[in-house]
Amino acid sequence: MISILLGCGLRRAEAVALTTKDLQIRENHWVIADLIGKGKHIRTVPVPNWAKASIDEWISASGMAEGKIFRRINKNGKVWGNGITPKTVWHVVKAAAKRAAISNLAPHDLRRSCASLCHLAGGELEQIQFLLGHASVLTTERYYAQRNVM
């Protein structure tokens, strides 16, 4: 989950809605196809190879073949249910940050870090705006100013 939030810059609600059918190959690259984001904006999000490897590992370990990617795990370690809530994403990120001794890390910090990493890698402002699904380029520029690269 963390690899998708950081590598793809997804919002919590976008991550919990993600299904196995959303992951597609387009022009020889993995993408999240036709992602419906905030304000009903539709975009296609590239998935870095390392993030796709994390998803594949989770799908393989969970034994699921279709449906929502992120689901609950019961006390016996079995995947169950139809999905999770955005609040669950919050708790997962907070728990992972605590294990890594990172204070004050929230899911949205991973999204801002994605923007900053893309910028540092030479991504243009308009490309990053489209990646994140921002209606305004000014919102994307604010992400740079916050410099939340982990």
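Two strands count as paired here if DSSP finds at least two bridges between them, and strands (E, at least two residues) and helices (H or I, at least four) are DSSP runs numbered from the N terminus. With that in hand, strand E2 (residues 29-36) and E3 pair in the antiparallel sense over four bridges. This is a predicted model, in which local features need pLDDT of at least 70, side-chain atom pairs count only at pLDDT 80 or more, and totals for chains, interfaces and linings use all residues. Residues are numbered from 1 along each chain as its sequence is written, and side-chain values use heavy atoms, with hydrogens and water left out.

**The sheet**

- Three strands make an open sheet in the order E1-E2-E3, with antiparallel pairing.
- E1 and E3 stand at the edges with a single partner strand each, so one side of each lacks a neighbour in the sheet.
- From one strand to the next, the twist averages 40° (axes are lines fitted to C-alpha atoms, and angles run from 0 to 180 degrees between N-to-C directions).
- Strand E1 (residues 23-26) is joined to E2 by four bridges, and Arg26 stands opposite His29 in E2.
- On the other side of the pairing list, Ile32 faces Val45 in E3, while Ile36 stands opposite Ile42 in E3.

**The hairpins**

- Two residues lie between E1 and E2 in their hairpin, and Glu27 in the turn has a positive phi of about 50°.
- The hairpin of E2 and E3 has five residues between the strands, and there Gly39 takes a positive phi near 70°.

**The faces of E3**

- In a regular strand, side chains alternate between the two faces of the sheet.
- Strand E3 (residues 42-46) has Arg43 and Val45 on its covered face, and Ile42, Thr44 and Pro46 on its uncovered one.

**The nonpolar core**

- A nonpolar core is a set of buried Ala, Val, Leu, Ile, Met, Phe, Trp, Tyr and Cys residues joined through side-chain atoms within 4.5 Å.
- The largest one has 31 residues, of which Ile4, Leu10 and Ile32 touch the most other members.
- At least two residues of this core come from each of helix H1 (2-8), helix H2 (12-17), E2, helix H3 (49-62), helix H4 (86-99), helix H5 (107-120) and helix H6 (125-132).
- H1 gives the largest share, four residues.
- Leaving aside residues up to four places away in sequence, Ile4 touches Gly9, Leu10, Leu18, Ala51, Ile55 and Phe70 (contact means heavy atoms within 4.5 Å).

**The cysteines**

- Zero disulfides turn up in a search of the whole structure, a disulfide being a pair of cysteine sulfur atoms within 2.5 Å.
- The sulfur of Cys114 is 4.2 Å from its closest cysteine sulfur, in Cys118, which is too far for a bond.
- Cys114 counts as buried at 2% relative accessibility, whereas Cys118 is partly exposed at 25% (buried is under 20% relative accessible area, exposed over 50%, partly exposed in between, with a 1.4 Å probe and protein chains only).
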